[in-house]
Amino acid sequence: MPQKKQKKRTSSKKSKQLKTNYSLVLFILFIGVSLGLIIGQNTDSTASLTEKITQIPNQIEKYINKNIEPKKQSNPKIKPVVTEEVTMRFLDIGQGDATLIQGTDGTNILIDTGRYDDKEKRIINYLNEYIGVGGKIDLLILTHNDSDHIGNADLVVEYFDVKKVWMNGHDTTTKVYEKVIDAIGSKNTSYEEPKSGETQKIGPFNLEVFNPTELAKSNQNDDSIITRISIGSFSSLFSGDAASRVEKEIIEKNLPVQSTLFHVGHHGSKESNSLVWLNKVKPELAIYSAGINNSYNHPSTETIERLDSLKIPTYGTDKNGTITVTIDKAGQYKVKTEKEP
């Protein structure tokens, strides 16, 4: 269809040009006939006749300027430059979770903070690099209170300007948890316990909460905060360590979990990431967080086989190091890995 339109426009221009040229020829012939009549019938003086003849070129020039448009030079359309809108970094912090999401407007969202026993405290080094020492974190989501997810949250709250913290409200008595609660209480940080069905907007990001529910479940993992974070046409789903029974519950509620990117649940555990769930999410890309040669054998062979059966490209921090996904304003994305498997 576009080719036909182009052909029609070209034909119209040629037709217009031919008509213009034809009119010009007729006009010149008219001038010539008129000149003949002037010479043959004019009784004026020779000087007057000469004056009229000398005006003819000027009349022709005026006609050309009035009736023939100068040929316009075709300028190729300049394609708008699409700038990067979002950067998502799945940080290599060993056997634990930590994901940093950043918008070009300066919005920073951090999901989980890695293991408490990480001697290098890699999460702090990453944050110093990507948001600056003492930089702003608009939202810190602690999906649940296991020590490999909230392990360094107390340090993050202490060292950085954390505006808001989400936790699942499922209390525990561990020292790691108590440190986090004490750190939040000592700072001017907003604290919330979001529930299924809630939505919020943080900077340019739209957040939808699918779990936990008002009724607390029997364990931390199943009370994980499950969120879908969207900007434009790109969306990403984070499910913490929730098991397949929670996935089933969400599916039965017919919640809109379909997402472009899926952060594989529970580090790739076979107890999560059911085939039914993956078919519901329908991701174009999957990423899991796990440590090299970890004692849990994450990710499980079963989960990888499910992802492979659906031909979903999958990356992991154990093999690829830190994984960076950049998304432009058109919703197009690209993946860059710190190392090749």
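What is the volume of the largest cavity? It is about 50 Å³.

## Basis of the model

This is a predicted model, where local features need pLDDT of at least 70, side-chain atom pairs count only at pLDDT 80 or more, and totals for chains, interfaces and linings use all residues. Residues are numbered from 1 along each chain as its sequence is written, and side-chain values use heavy atoms, without hydrogens or water.

## Cavities

There are 2 cavities of 30 Å³ or more. A cavity is a set of points, on a 1 Å grid over the protein atoms alone, where a 1.4 Å probe fits but cannot get out; lining residues have an atom within 4 Å of a point. Points join across faces, edges and corners, and a volume is the space filled by probe spheres set on them.

The lining of the largest cavity includes Val86, Phe205, Ile231 and Ile327. Strands E1 (84-90), E11 (226-231) and E12 (234-238) each give two or more residues to this lining. Strands are DSSP runs of E, at least two residues, numbered from the N terminus. The lining holds 8 nonpolar, 3 polar and no charged residues.

The second largest cavity has about 50 Å³ of space. Asp97, Asp112 and His263 are among its lining residues. Ala, Val, Leu, Ile, Met, Phe, Trp, Tyr, Cys and Pro count as nonpolar, Asp, Glu, Lys and Arg as charged, the others, Gly among them, as polar.

## A hairpin

Strands E9 (residues 199-202) and E10 (residues 205-211) pair antiparallel over 4 bridges. Pairing takes at least two DSSP bridges. Lysine 201 faces asparagine 206 in E10. The E9-E10 hairpin has 2 residues between its strands, and glycine 203 in the turn has a positive phi of about 60 degrees.

Methods. On a 1 Å grid over the protein atoms alone, a cavity is a set of points where a 1.4 Å probe fits but cannot get out, and a pocket is an open set with protein on both sides within 12 Å along at least five of seven lines; lining residues have an atom within 4 Å of a point.
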